[in-house]
Amino acid sequence: MDKILEALVSSSHPLTVKRAIVKKVTEAAEKEVTEEQCQALYHLTTRLILLGEDAFQRQVGLQVQEAYARYHRDEFARFFSKEYVLGLLQQGYGSLDRRDPAILDFLHGSLRLLISCPAVLEMAPLLQTEVLRIICERPEPATCAKLATILTDFPQCVPREKAGVLFCQQLVRTFAYFHCPATEERELREYVTQVTRVSVLLQGIWKAEPATLLPSLQEVFAIISSTDPSFEPSIALASLVQHIPLQMITVLIKSLTTDQNVKDASMTQALCRMIDWLSWPLANHVDTWVIALLKGLAAVQKFTILIDVTLLKIEQVFNRLWYPIVRQGALVVLSHMLLSFQHSPEAFHLELPKPNEEKIKFVLNQSAWTSQSNSFASGLLKITGKSETGKTGLVNLGNTCYMNSIIQILFMATDFRRHVMSLHLNGSNTLMKKLQLLFAFLAHTQRAAYSPRSFLEVSRPPWFTAGSQQDCSEYLRFLLDRLHEEEKTLSALQVTSSKPEPATTSAETLQAATSQPVADMPSHPAPVAAKGDGRTLVERMFGGRLSTAIRCLQCHSLSEKEEPFTDLSLAFCPSMSKCHGPTDEHKSSSSVGPCQGAVNGGSESSEGSVKEGAGTGMERPVVEPTLSVPDLVDYFLAPEILENENCYFCERCASLQRAEKVMQVVAAPEYLILTLLRFSYDATCHVRRKILDNVGIPLHMSLPLRQHGISASSSFSTAATSSSSDSPDSGENLAKKLKPSQKEDGMTENRTNSESNDSDSEMLSVPYVLSSVVVHSGMSSESGHYYSYGRNASSTDGYVAHPCPKDLESSSLSESSTATQEEMGCAGNKSMDWFLFNDSRVSFTNFESLQNVTSRFPKDTAYVLIYRKQEVSGQPGNSGPVVNGSRLSGEPPLQKELMDAITKDNKLFLQEQELNARARALQATSASCSFRPNGSDDNEPPGSCGPSGGGGGGGFNTISRLVF
């Protein structure tokens, strides 16, 4: 039989014929076969398994040997004798070296064929000796992994007692020699798997034989504390840490730190190498052991070691923060090292390395792997046709609604979008170029929803955790700052590295593109040309200036400074929740108790009641808000008395004095960004609580602006009389800070009018019209969903204001909120004028829906608002970007590079439509159940990132996440 099989596998017959004959040979194993024939077949099959020329020969050897060993086990046990095994492990087989992993694979397979035979127990002592010898020879990780597999399946082959202790020590020592020179992902994954397999073997031995644990740990410390410069142990040792019981930390650390035989140099080296273990991707509790050792050294006052280690490793620990897989442990260690390093600022003044743009993109791309599948499932394939609005949605890439809502409101800022689209950025790889490409796709793609993955990778702040909900206001501020700094840097490089080009040929350069003349609406009566003013596009569109003046009430000295701003953060007055809280009828659904703030994902507590009422047609009656956006702006700009613990240090008086602080806008931005600070910290429950007060949103409003050239000292003319009569503990500070939106009694009105007469000529009211609003849906800051309302608003869109001095208004801002219904007769209340952007979905809506969203759904509150400055009759205004000397009144022509990219993607989209027509039809059927017709925002909240409205968040789990 063996001769037939040998001739068959080496013949030239077709493979199908060979397999048929091999099948006959394996079936013949059930019949009586002499021992000589069995032995001959076992030798042949062993040669085929170990030395087979191809996969077919090795497969034939395995099949035939397994078949005959099953039916003739005694003969196979005599063949696979101790002497035979010893020869394999010590001499190899033919051309195979004894260290070849194939030898161990054959040994493992043969033992499995004899798993229920007494021969395995007889062979166990031999294997115990041989595995110890193999480990002492420091084999490669692949060999160790195969050996670990054998010992895991056959624990009786693990060395026992003293030999077991020695085996564990030598296996730990072998770990120190594990190194992986590979750079390919597949090889790295295989290496990590091999190391993990060996560490699991050690864990099993430690559990079965607890006496082997302490000697193993002593060996680990001896390795990592070695000061031999020619030997650098592998960080694979970190995989052992997770298997050490945490209960032993106190005993082990005390033993190490109090051992007089451990030199400081050895302890420093050991601690540094333990910090290196933070780079191992699958190790748990490394940070716990590192911090325990740091605390132990501090307890025995070995501060020299702590100082040396901190200065040596602080940069390395900081760099680990860039890798999400090890970030958590590195952050804990970094925080402890910095907080405990209190004797000197040296650790804080290190030049921490800054990764280049390519490194940032690579890291962010790694972070987004887990959300890739969700993005396709949740948005891109659900909608097959473009929205009837003609607008393009944005795919949610895994809790990226914060970015989608910001991109949509920037796109709806018409003049800003036209400026971006008119820039000539060919060949550049800047963030502005990425934004330009994204805007081009939003305007011209045929897809219902575009995936902004490439823009997310370059625009997401480094401290944002991928897949977690973030603060859209923080993202907007970061994005505008990046665009501003990038343009400044490129402009500076253009100026220093090249000579000025003639104006007629500079349009092809980035410098010319970013410094195109822009006819900004003047922030004061005297017009200021934008050309050559050195301002960036962000400054021209969103930049304003705020003046802060403080006057001492003792010596009347004045201190004033001006600062730029791109947004105003509007706080709620501490008494607003009492003065402007929900009515009793709706208090239970629109307010949150002091301990209800933290909601960690999932559905909100009031979700059921809200959706149940909406689903059954029970509409919540609209409640008029008692607080408006102009009220918050008034509160932000109102004079404030600095007294008691907030006293002002007057340099002239050289002491703390009562003072009055006045903030005034001295340069109004083209686009006014307002952020409502809705998240406050509840010290009682230690949670971030959302302020759910309903705030009225006017379509038009005015911003008080101090005229150019007017000194801030005149702003205190009326305040001097009133503030000087106030006692330090009169308690009227909050009353002064909050201006009522409605007129009070005649006495108050007359007093206000008389006191403001002197300052009427010094202030202007700059008109603004609402452009877009970002709404946060959720009951807390730790979860929720963002969606946005937007409309195409330009400087001349539907409303032309006239100069309005302050004597025509009791409050220039508050009057705008009361006139909202009249103003809605303009373009603001058109049924097709407003759009609702909810990630992939875009639908028509109206201004009334926006105004009533919080009244109908109390957890959905306005968070970020953008107002567009309006032209004032008699003053020049900005009606569009200027390119090559001509003003664009419409959308600029699409550049060839952008057109090519969009055309290519549109063709790809059509191919996808053809290839997946049947699948899209099924998805369209399911989508019809999920997506309601236009106007559904009047019946239910717009949705969320998670399974229910307001609950899909993950959470703002980064330090300083929200704006407070």
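In the predicted model, Gln65, Glu66 and Ala69 of helix H4 meet Phe106, Ser110 and Leu113 of helix H7. The residues of this contact between H4 and H7 divide into three nonpolar, two polar and one charged. Two packed helices are described by the angle between their axes and the distance between the axes. For H4 and H7, which spans residues 101–113, the axes come within 10 Å and cross at roughly 30 degrees. H4 is therefore roughly parallel to H7, since angles under 35 degrees count as roughly parallel. The crossing in which H4 passes H7 is right-handed.

Helix H4 also packs against helix H3. Here H3, formed by residues 35–51, and H4, formed by residues 55–71, lie at an angle of about 145 degrees, and their axes are 7 Å apart. The crossing of H3 and H4 is left-handed. On the side of H3, the contact is made by Leu41, Tyr42, Thr45, Thr46, Leu48 and Ile49. On the side of H4, the residues in contact are Gln57, Arg58, Val60, Gly61, Leu62, Val64, Gln65, Tyr68 and Ala69. Sorted by class, the contact of H3 with H4 comprises nine nonpolar, five polar and one charged residues. Gln65 and Ala69 of H4 take part in the contact with H3, and Gln65 and Ala69 also meet residues of H7.

Another helix, H22, was examined for burial. Nine of the nine residues of H22, which covers residues 414–422, are buried, so this helix is largely enclosed by the rest of the structure. A residue counts as buried when its relative accessible area is under 20%. The buried residues of H22 include Asp415, Arg417, Arg418 and His419. Also among the buried residues of H22 are Thr414, Phe416, Val420, Met421 and Ser422.

Glu161 has a positive phi of about 55 degrees, although it is not a glycine. Glu161 is placed in helix H10, which consists of residues 161–175. With a relative accessibility of 68%, Glu161 counts as exposed, because the exposed class begins over 50%. Ala654, likewise not a glycine, has a positive phi of about 60 degrees. Ala654 is found in the loop between strand S8 (648–650) and strand S9 (655–657). The relative accessible area of Ala654 is 55%, and this residue is therefore exposed.

Conventions. Residues numbered from 1 in each chain as written. Predicted model: local features only at pLDDT ≥ 70, side-chain atom pairs only at ≥ 80, totals over all residues. Heavy atoms only, no water. Axes fitted to C-alpha atoms, helices over the stretch in contact; angles between N-to-C directions. Helix = DSSP H or I, 4+ residues; strand = E, 2+ residues; numbered from the N terminus. Left-handed = near helix turned anticlockwise from the far one by under 90°. Contact = heavy atoms within 4.5 Å. Nonpolar A, V, L, I, M, F, W, Y, C, P; charged D, E, K, R; others polar. Buried < 20%, exposed > 50% of the residue type's maximum accessible area, 1.4 Å probe, protein only. Parallel < 35°, antiparallel > 145°, perpendicular 65-115°, else oblique.
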